[in-house]
Amino acid sequence: MIRSVIKGVGTSLPERVMTNADISKIVDTSHEWIVERTGIHARHIAGEGETTRSLAVAASSKALHDAGMSAADIDLIILATSTPDNTFPATATMVQADLGITRGAAFDLQAVCSGFVYALSTADAMIKAGQATGVLVIGSETFSRILDWTDRTTCVLFGDGAGAFVLSAEQGEGDNNDRGIIGSKLRSDGRYNDKLYVDGGPSTTKTVGLLRMEGREVFKHAVTNLSSVVEEVLIETKMTASEIDWFVPHQANRRILEGVAKKLGIDEAKIVMTLDHHGNTSAASIPLAFDAALKDGRIKRGQLILMEAMGGGFTWGATLARY
Ligand code: UT7
């Protein structure tokens with residue numbers, strides 16, 4: 001059986017760090033409120049010249065280096081983003097050009113904060129269908145550019161950054177001891193598309209729009225949706241929560257992460273949490289967290305990793321992979 005193996009991981013963060021104290025000077029909020037309600041202490045904010053494209057290219061180059069592979073080995077790029085450099089062409093094609101890749105295909109995928117899980121699952125399906133053998137799966141975002149910096153209920157939550165995985169097609173035995181993606185499940189429910197959205201777009205206002213969110217509504221659905229989609233993946237793969245070595249979730253809110261872990265019976269010590277210094281980086285948050293746990297030696301080859309995310313749409317999903 002063909003498996004999509006995670007060969008390399010790379011990340012990139014903008015230089016500028018914005019602390020809760022910095023944000024308190026812009027809107028009526030406090031370090032204490034933000035930490036208590038979300039767990040966030042600081043986030044990176046893209047400066048002039050730092051874009052979704054440039055962050056994605058930097059993260060991808062590091063992921064290729066980590067994989068010991070070159071750009072010539074890549075025949076598919078999937079870039080998960082809701083903050084592309086331009087409405088079109090796809091930022092993925094710009095990344096393709098910057099990396100000097102002239103074969104295969106590149107496209108953007110838009111599932112907001114669930115983007116990375118959607119992109120991983122799509123890449124895995126294309127690898128298994130024989131459509132690609134070396135895939136760059138990227139999550140890159142500059143949400144600071146679509147935030148309403150007068151709205152304290154949203155601007156304190158998000159940050160910018162990028163992360164990339166290099167996936168490679170390898171032959172496996174077809175059992176759960178194989179390295180690579182073991183199982184994925186994607187979900188959406190469009191009835192909730194007005195709970196987290198941007199109030200503009202090319203076909204409506206001809207503007208980019210700013211992020212709007214009914215945070216409490218999103219929160220209400222998050223733990224239930226995320227736990228149930230993880231349970232579906234566990235059932236399909238005939239695995240149990242106790243077999244998971246590391247839980248690498250989308251970094252939205254500490255209370256959501258801990259709520260999901262508790263509901264699934266995953267030990268809190270297994271949660272990889274980076275939102276304290278990254279904030280919510282939407283589609284970039286999972287690879288950013290994964291990379292942090294790789295660098296500090298927590299994630300090791302052969303371990304079972306659970307990734308999950310929920311975002312605007314609503315969209316949500318989970319992926320189980322053996323690193
Ligand atoms: O990644 C995509 C998915 N997104 C998420 O998962 C986000 C999900 N939602 C959340 O994480 C939480 O709902 C928030 C962190 C956004 C908000 O936390 P909450 O505990 O749900 O707070 P709340 O919205 O119920 O607001 C509580 C109070 C309100 O004041 P009143 O009405 O009780 O007087 C807000 O006006 O906190 C107030 N408030 C703030 N106060 C200080 C809201 N934002 C702030 C702020 N600083 N930044």
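1. Start with Glu141, which sits opposite Gly161 of β7. These two belong to an antiparallel pairing, in which β6 (residues 134–142) and β7 (residues 160–171) are joined over 9 bridges. Two strands count as paired if DSSP finds at least two bridges between them. Strands (E, at least two residues) and helices (H or I, at least four) are DSSP runs, numbered from the N terminus.

2. A word on what you're looking at: this is a predicted model, where local features need pLDDT of at least 70 and side-chain atom pairs count only at pLDDT 80 or more, while totals for chains, interfaces and linings use all residues. Residues are numbered from 1 along each chain as its sequence is written, and side-chain values use heavy atoms, with hydrogens and water left out.

3. Now the sheet around that pair. It is open, has 5 strands in the order β1-β7-β6-β4-β5, and its pairing is mixed. β1 (2–12) and β5 (105–109) are the edge strands with a single partner each, so one side of each has no neighbour in the sheet. From one strand to the next, the twist averages 20°.

4. β4 (76–80) deserves a look. 5 of the 5 residues of β4 are buried, so the strand is largely enclosed by the rest of the structure; buried here means under 20% relative accessible area, exposed means over 50%, and partly exposed is in between (1.4 Å probe, protein chains only). Leu76, Ile78 and Ala80 point one way from β4, while Ile77 and Leu79 point the other way.

5. What does β4 pair with? It runs parallel to β5, with 5 bridges joining the two, and it also pairs with β6 in the parallel sense over 5 bridges. Ala80 has Leu109 as its bridge partner in β5, and Leu76 stands opposite Val135 in β6. β4, helix α4 (residues 91–98) and β5 together make a right-handed β-α-β unit. Right-handed means that, with the strands pointing away from the viewer, the path from the first strand over the helix to the second runs clockwise.

6. Two helices to find against the sheet are α3 and α10. Helix α3 (residues 52–67) lies across β1, β4, β6 and β7, at about 125° to β1. Helix α10 (residues 285–295) lies across β1 and β7, at about 85° to β1. For these angles, axes are lines fitted to C-alpha atoms, for helices over the stretch in contact, and the angles run from 0 to 180 degrees between N-to-C directions.

7. α10 is mostly covered, with 9 of its 11 residues buried. Among them are Ile286, Leu288 and Phe290. The buried residues of α10 pack against β1, α5, β7, β11 (246–249), α9 (275–278) and β12, where contact means heavy atoms within 4.5 Å. Just after the helix, Gly297 takes a positive phi of about 85°.

8. The chain is divided into domain 1 (2–171) and domain 2 (180–322), with bounds that come from an automatic or database domain assignment. Their contact takes 51 residues from domain 1 and 49 residues from domain 2. The C-alpha centres of domain 1 and domain 2 lie 14 Å apart.

9. Which residues touch the most other members of the largest nonpolar core? They are Ile244, Ile266, Leu306 and Leu320, in a core of 45 residues. A nonpolar core is a set of buried Ala, Val, Leu, Ile, Met, Phe, Trp, Tyr and Cys residues joined through side-chain atoms within 4.5 Å. α7 (215–237) gives the most to this core, with 8 residues. The core draws at least three residues from each of domain 1 and domain 2. Leaving aside neighbours within four places in sequence, Ile244 is in contact with Leu234, Ile266, Lys270, Leu304, Leu306 and Leu320. A second, separate core of 35 residues includes Tyr118, Leu120, Val272 and Ala321.

10. Ser121, in helix α5 (residues 115–128), is buried, with a relative accessible area of 15%. Not counting residues up to four places away in sequence, Ser121 touches Ser184 and Leu186. Gly183, in strand β8 (residues 180–188), is also buried, with a relative accessible area of 11%. The contacts of Gly183, with residues up to four places away in sequence not counted, are Val233, Thr237, Ala318, Thr319 and Leu320. Gly183 and Asp124 are 59 residues apart in sequence and 9.2 Å apart in space, C-alpha to C-alpha.
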